[in-house]
Amino acid sequence: MSYTEENYENAILQLFEKLGYEYVYGSSVERDYSDPLFGSKLRLSLCAINPNLPIGAIDEAIYKIRNFENNQLEIKNSVFCDYLQNGVEVSYRINNEQKYDKVNLVDYANIENNSFIVSNQWTFIEHSEKRADIIAFLNGIPLVIIELKSPSREETDASAAYRQLQNYMREIPSIFAYNAFCVMSDMAETKAGTITASEDRFMAWKSVDGSYETTKFADYNTFFTGIFEKHRFLDIIKNFICFSKGDRGLIKILAAYHQYFAVNKALESTLRAVDSDGKAGVFWHTQGSGKSLTMIWLSKWLLANIPTARVLIVTDRDELDEQIEKNFKGVYETIVRTRS
């Protein structure tokens, strides 16, 4: 008996359920098929996450995430990524007094205060009618599109899944304004990438805990457990996705698994050093490992979580100096370059 795409889809759905995600059969949900958001879940989640804000503030935040000023997908996705990571700025009136605040789309501190849903057969209609294999929703927002191909069909593979994702972006682009990243898989090969990534930039996730031992038998189970465990999934969304300004416009970057685990280990060492002798150790990079991006992820967390933190980068070549400055300027507005 062959292992069909349907069998594989069910196996992935069961994996999500083991991770604590609620399963929803898309065809059973009464909704507007032209709406990319799971509207009822979104409103309920935002009210739960922001209990001290009036409903008017919640509605303004929902209005903002539904209506973007720019029509270019990469720019809309960049704006939404900022909302996702930092909250949506809103204003409202109480007793004739104007108030300003932020509506958080995710509760990063209290994981179970969020809604984690996985769904299949979720139809969406825009330029044409499409139905992605699996969608992972966070608080009613379709953050991850997963496209599968049958492990037993020789004529299709993970590359066919990538081409299908590109087709979705042309035919139902609105849903990708909210996309954190995409997944393509044929069971033998499972990779994640962003809306701007070429196929060769989609990457495997080979560990569930960052240890070398777990990379030896990396498979689709390792991939989905490694990324979608709830705490790690929120950590990736909050701290390991950024945009860089390339020659052809905005480039969205998702950290590779080795960058994610290396940065978190470095952060643990740094926090211990702050509370002790100030010695955090050495971060060893190999050629081609994405060292400048790893420095960005590390700096991003330090600057956001340690108020007194400052980052000083010392290089030994002008070429490297220019490369790192370019990468950092794509993420941070305030970069000061000096020479000895």
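Predicted model: local features only at pLDDT ≥ 70, side-chain atom pairs only at ≥ 80, totals over all residues.
Of the 340 residues in the protein, 48% are buried. The secondary structure consists of 10 helices and 10 strands. Among the contacts with a separation of 6 or more, 63% are between residues 24 or more positions apart.

One helix pair can be followed in detail. Two packed helices are described by the angle between their axes and the distance between the axes. For helix α2 (residues 39-49) and helix α3 (residues 55-66), the angle is about 135° and the axes are 10 Å apart. An angle over 145 degrees would count as roughly antiparallel, and 65 to 115 as roughly perpendicular; α2 and α3 are therefore oblique to each other. Their crossing is right-handed. On the α2 side, the contact is made by Gly 39, Leu 42, Arg 43, Leu 46 and Cys 47. On the α3 side, Ile 55, Ile 58, Asp 59, Ile 62, Ile 65 and Arg 66 take part. The residues of this contact divide into 7 nonpolar, 1 polar and 3 charged.

A further point concerns helix α1 (residues 5-18), where Glu 17 is placed. Is Glu 17 buried or partly exposed? Its relative accessible area is 42%, and buried means under 20% while exposed means over 50%, so Glu 17 is partly exposed. Glu 17 and Val 118 are 101 residues apart along the chain, and their C-alpha atoms are separated by 8.1 Å.

Terms used: Residues numbered from 1 in each chain as written. Heavy atoms only, no water. Helix = DSSP H or I, 4+ residues; strand = E, 2+ residues; numbered from the N terminus. Buried < 20%, exposed > 50% of the residue type's maximum accessible area, 1.4 Å probe, protein only. Contact = heavy atoms within 4.5 Å. Axes fitted to C-alpha atoms, helices over the stretch in contact; angles between N-to-C directions. Parallel < 35°, antiparallel > 145°, perpendicular 65-115°, else oblique. Left-handed = near helix turned anticlockwise from the far one by under 90°. Nonpolar A, V, L, I, M, F, W, Y, C, P; charged D, E, K, R; others polar.
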